[in-house]
Amino acid sequence: MRPRTVWQALARPDYLLSSWPWRAAGYVLAGVVLGVVVLAGLVGLVAAGGLLAVVLVGLPLLGLAAFAGLPVAAVERWRLGWLQEGPDGDGGTEAARLPAPAHVDPPAPGLRSRLGTRLREAATWRELGHTLLTGFLLWPVEALVVTVALVCPAALVATPLLLATVGEGRELKVLKTVTVTGQAQACGLAALGLLALGAGLYGVGVAAGARAGLTRLLVLPRAGEAEARVRELARSRVRLVEAFEAERRRIERDLHDGAQQRLVALTMALGLARLDAPPDGPLAAQLARAHAQADAALAELRELIHGIHPQVLADHGLAAAVADAADRSPVPVDTEVDLPGRLPAAVEAAAYFVVREALANVARHSGARRARVRGTHRHGRLVLEVEDDGRGGADPAAGSGLTGLGDRVSVLDGRLGVTSPPGGPTLVRVEIPCATQPTADGPCA
């Protein structure tokens, strides 16, 4: 197996023959450059803020210093990919393998909400501490490691070349400590430099691993923060689904109360005009065609409204909506939906559209003579099953609408499964955890 980290690579006998030593050297050298830039930026920011504080302009600059760790931590997370091997064997620098930040999304849009959220997070202050360490302590240590482990051995390796050029073949002082007067002595130092360079590359790997470990400790989310971030992501997904359903209901109401009512009025006006027109004249024929087209447009609009969000689902709940979908199916459908009350709107909508898509697939593809829908709520979960006596062999990955509905159900922590052996029967089962809600008759169990 390929090593996934620099520590695993250091334990392998082929470490010096791999790309890991040079990736570690690049990581340490980049840390030196980053530290110098951070030091200059911090000193400049604090100096400018202090000088301008007397005219109050510098106070925002001093406050901005509290957020200096955010961009530095983002760079450090990107650099961590240099020491992480990807699953396909290449370096881990792609965005898909970048470590996740330790921050959560602000509860509301806007700069004030974002800054307030960041100031309250412990991760912001850890990243600021990491930035101060990088600018004032870590980069000199990394510079010393590069000098001792790489620069000095490289100077020893280059001794024969330096003696022949700079020393004119007579005398050379290597590293300002050792005087070389001949090529034999120079070659001996070069051999010693090769050994020192190999040991130095191991030392650079250790330094890079230790530096990366400290960075992970300070700029990556900890266990509790990662769990909080997962919970926040789950809540945000649910909020998106609820907002999507609310928008569907708004569009349905606008079409129902607006465009549909205008079409009804137009149909009635055309009907009245037909009564006033001469029965055998050309005007009566044109009004009849216009009346028929208005009726057809009204029927299509009603089907469109029903497909967006059926009114029966909003008014009477999932059981009534499933019965309505069964009545509309060209294949006879038996329904056995026994629910103790209303469910959350997002759950009812997701379950209904799964049933409707499953019944549509039964009518289009299965060749079934009959289907059945069963539904119940037990142990805190809604369970719905759609079964038909068709030919089977259904594959959700082949392009049926159930794939997208499965993603929609998973947002609600639910599961959608399809069992369809060749020859049938086909069973679509959906489970969604949810609690029933109070109704007009009283609270549900």
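**Entry 1: a hairpin**

I began at the hairpin of β6 and β7, where six residues lie between the strands and Gly423 takes a positive phi near 95 degrees. I noted that this is a predicted model, in which local features need pLDDT of at least 70, side-chain atom pairs count only at pLDDT 80 or more, and totals for chains, interfaces and linings use all residues. Residues are numbered from 1 along each chain as its sequence is written, and side-chain values use heavy atoms, with hydrogens and water left out.

I then looked up how β6 and β7 are joined, and I found five bridges between them, with the strands running antiparallel. Within this pairing, Val418 has Val428 of β7 as its bridge partner. For my own use I wrote down that two strands pair if DSSP finds at least two bridges between them.

**Entry 2: the whole protein**

I looked up the overall content and found 14 helices and seven strands in the protein, where helices (H or I, at least four residues) and strands (E, at least two) are DSSP runs numbered from the N terminus. Of the 445 residues, 38% are buried, which here means under 20% relative accessible area, with exposed being over 50% and partly exposed in between (1.4 Å probe, protein chains only).

**Entry 3: the sheet and its helices**

In which order do the five strands of the open sheet lie? I read the order as β3-β4-β5-β7-β6, with mixed pairing. The edge strands are β3 (333-338) and β6 (415-419), each of which pairs on one side only, and the twist from one strand to the next averages 10 degrees. In general, strands of a sheet pair through backbone hydrogen bonds, either parallel or antiparallel.

Further into the sheet, I found strand β5 (residues 381-388) joined by eight bridges to strand β7 (residues 426-433), the two running antiparallel. Here Glu387 stands opposite Leu427 in β7.

Helix α13 (residues 345-366) packs on the sheet, where it touches β3, β4, β5, β6 and β7, and its direction makes about 10 degrees with that of β5. I also found helix α12 (residues 318-328) lying across β3, β4 (371-378) and β5, and running at about 180 degrees to β3. Axes are lines fitted to C-alpha atoms, for helices over the stretch in contact (heavy atoms within 4.5 Å), and angles run from 0 to 180 degrees between N-to-C directions.

**Entry 4: two crossing helices**

I next looked up helix α4 (residues 69-80) and helix α6 (residues 122-157), whose axes come within 8 Å and cross at roughly 75 degrees. The two are therefore roughly perpendicular to each other, a term for angles of 65 to 115 degrees, whereas those under 35 count as roughly parallel, those over 145 as roughly antiparallel and the rest as oblique. Among the residues that make the contact are Leu70 and Arg77 of α4 and Leu128 and His130 of α6.

**Entry 5: aromatic pairs**

Rings of Phe, Tyr and Trp (its six-membered ring) pair if their centres lie within 6.5 Å, and planes under 30 degrees apart count as stacked, over 60 as edge-to-face and the rest as tilted. By this rule I have three aromatic pairs. One of them, Tyr15 with Tyr202, is tilted, at 4.8 Å centre to centre and 45 degrees between the planes. Tyr15 lies in the loop between α1 (6-10) and α2 (20-52) and Tyr202 in helix α8 (residues 183-219), so the pair ties together parts that are 187 residues apart in sequence. Tyr15 is buried, with a relative accessible area of 1%, while Tyr202 is partly exposed at 30%.
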